[in-house]
Amino acid sequence: MSSSDDDSASSGANSWPVLGSKPIEGGFSQLHVKDLANGSVNDEAAEGSGDRERIAAEVDEVEEGGSASARVGGTEIEEIGVVRGMWRSNSEGEVEAQASPSSSGYAGERGSSSGGSGIGEEEDEIEDVRSGAGSDSQAAWMPGKRHVMQDDASISWRKRKKHFFILSHSGKPIYSRYGDEHKLAGFSATLQAIISFVENGGDRVKLVRAGKHQVVFLVKGPIYLVCISCTVEPYESLRGQLELIYGQMIVILTKSVNRCFEKNPKFDMTPLLGGTDVVFSSLIHSFSWNPATFLHAYTCLPLAYATRQAAGAVLQDIADSGVLFAILMCKHKVVSLVGAQKASLHPDDMLLLANFVTSSESFRTSENFSPICLPRYNPMAFLYAYVHYLDVETYLMLLTTSSDAFYHLKDCRTRIETVLLKSNVLSEVQRSMLDGGMRVEDLPIDPLPRSGSLLPRLGKSRPLTDSQESLKEAYAGIGGPAGLWHFIYRSIYLDQYVASEFSPPFNTLRQQKRLYRAYQKMYASMHDKGVGPHKTQFRRDEHYVLLCWVTQDFELYAAFDPLADKGSAIKTCNRVCQWVKDVENEIFLLGASPFSW
């Protein structure tokens, strides 16, 4: 990864950079996290895969030019008439405190706290004091669309802190996170009018700020996607979420749906997505807990190296028999995956595919053979996925280009399941899910030998010496050494990440979500194309200390006690990196050369 610091430590394949060295430590500064990047945001081109059935003509993409900021092209938007009408408030009302729900038509900002409080602003919905219920973030999440009877005239609908909309270029609603799409036809037309108003001036709208709200626009040919949010998430994160929602739609329909709009500009796409509300709601929910949605990497289930190799060997045998991709997963974590020669699978495609499978109840009840599209592989054509759950949480996905390969894949699944049972892979997977992954409390005092193991069940723990015992007592308290509370480590080469398990003080979903949002902002700041990218960043607030370190080989995001010492935090990060290196055979899928995208 390129960086702007010339005096930063370098990282090699066998030698790890030392974060605590003087050049690196001198490079730390209290950097300001900007909500918006000033660089252009370009779509990655999806790779084509050759001729397949249902291949449609190439579709011209919307040009992604201009500045990714609170601007329309080069002109900053403070307020425009149609925006004032959309929120039904005048310019003076936008800067004044909201006294009642009637003071602003769109009341989502009511109840959200300032940047310092961090509690109310972390929830996607405002607590309704009349209901007497607790925060939604503490309740069990239920899949599917909620509040279907609401529309833009409902005060409760306007009080939602984060909306997502999909509409066509003619203004027809396709999907809304809250409310009934048909009742939101007028609101969708307003959003379409904003986009058209700017485009008629020869420009493209990306972001509009209105008070505490951000209105983020993403134009994909005849499909418009809009996010209206008053959360603390930066523009880059919200735009990335719209990209994933669009990708989820392509998984279901392929990009060939654009041809329908070429033939009929008023084409109603809603029936084609019938019954997929649960898929979109599950993806949107993952924006609040799954780091893969902004890291663009996938995570593996911790397993002994021999166990993962056994699973990979049987999948490789199947891939050699004509299967394009063979993927074994447990929930959202990868157990093993292989692919045909020269076939590559992007982490975002894995995220969307796993979300599609895990959110659809039909896949759990019987074996399925379904057409799916991988947007980063070939957005214009369907592949065919054979999906079968081997137990409650573990499932196998076999992808092929042939529409009549069901019985062949069924036979392959039988062979795979037999081998996995005989080699105890499935039982080890279940045990790993129960035991969890890396914990900051287990961070070794000194480096592990190369035979060291991550979990007690994978290797015997060594007794501590007297000096190690005294050092551990000095670090006693909540979390790990030096006040380490949590970390995320991303391998740039592998496009995989590992995150420590949540432990005190992150006992509630609200606290975990706040930390997730903090990581989100840190990631956006580190990859800010306007003033970066950066290599190191150290931030302290009333909740925790955040330390980020980016090299050409990895990225590390760590959260410490807010009173943590800077020098101790840097040394602890070095130890985390060494720990990850020591147990990489158990936490990463190594040797996956066909997946070096």
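Biologist: What should I know before starting?

Modeller: This is a predicted model, where local features need pLDDT of at least 70, side-chain atom pairs count only at pLDDT 80 or more, and totals for chains, interfaces and linings use all residues. Residues are numbered from 1 along each chain as its sequence is written, and side-chain values use heavy atoms, with hydrogens and water left out.

Biologist: How many helices and strands does the protein have?

Modeller: Start with the labels. Helices (H or I, at least four residues) and strands (E, at least two) are DSSP runs, numbered from the N terminus. Here there are 18 helices and 17 strands.

Biologist: What share of the residues is buried?

Modeller: Burial is judged by relative accessible area. Buried means under 20%, exposed means over 50%, and partly exposed lies in between (1.4 Å probe, protein chains only). In this protein, 55% of the 597 residues are buried.

Biologist: And how do I read contacts along the chain?

Modeller: A contact means heavy atoms within 4.5 Å. Take the contacts in the protein with a separation of 6 or more: residues 24 or more positions apart account for 69% of them.

Biologist: Now helices. At what angle do α6 and α8 cross?

Modeller: First, the method. Axes are lines fitted to C-alpha atoms, for helices over the stretch in contact, and angles run from 0 to 180 degrees between N-to-C directions. Helix α6 spans residues 235-253 and helix α8 spans residues 277-286. Their axes come within 10 Å and cross at roughly 150 degrees.

Biologist: What do I call that arrangement?

Modeller: Angles under 35 degrees count as roughly parallel, over 145 as roughly antiparallel, 65 to 115 as roughly perpendicular, and the rest as oblique. So α6 and α8 are roughly antiparallel to each other.

Biologist: Is the crossing of α6 and α8 left-handed or right-handed?

Modeller: Compare the near helix with the far one. If the near helix is turned anticlockwise by less than a right angle, the crossing is left-handed; if clockwise, right-handed. α6 passes α8 in a right-handed crossing.

Biologist: Which residues make the contact?

Modeller: From α6 come Leu244, Ile245, Gln248, Met249 and Ile252. From α8 come Val279, Phe280, Leu283 and Ile284. Now sort them by class. Ala, Val, Leu, Ile, Met, Phe, Trp, Tyr, Cys and Pro count as nonpolar, Asp, Glu, Lys and Arg as charged, and the others, Gly among them, as polar. This contact has 8 nonpolar residues, 1 polar and no charged.

Biologist: How many residues of α8 are buried?

Modeller: α8 is mostly covered, with 7 of its 10 residues buried. What covers them includes β3 (162-168), β4 (173-176), α6, α9, α11 and α16.

Biologist: Where can I see another helix pair?

Modeller: Go to α10 (residues 305-319) and α13 (residues 406-422), which pack at about 165 degrees with axes 10 Å apart. These two are therefore roughly antiparallel as well. The crossing of α10 and α13 is right-handed. Ala311, Val314, Leu315 and Ile318 of α10 meet Cys412, Arg415, Ile416, Val419 and Leu420 of α13. By class, that gives 8 nonpolar, no polar and 1 charged.

Biologist: How far does α11 reach from end to end?

Modeller: The expected span is 1.5 Å times one less than the number of residues. Helix α11 (residues 347-358) has 12 residues and reaches 16 Å from first C-alpha to last, close to the 16 Å expected. Of its 12 residues, 11 are buried. Among them are Asp348, Leu352 and Phe356.

Biologist: Is Ile570 buried or exposed?

Modeller: Ile570, in helix α17 (residues 566-582), counts as buried at 1% relative accessibility. Its C-alpha is 9.6 Å from that of Phe538, which is 32 residues away along the chain.
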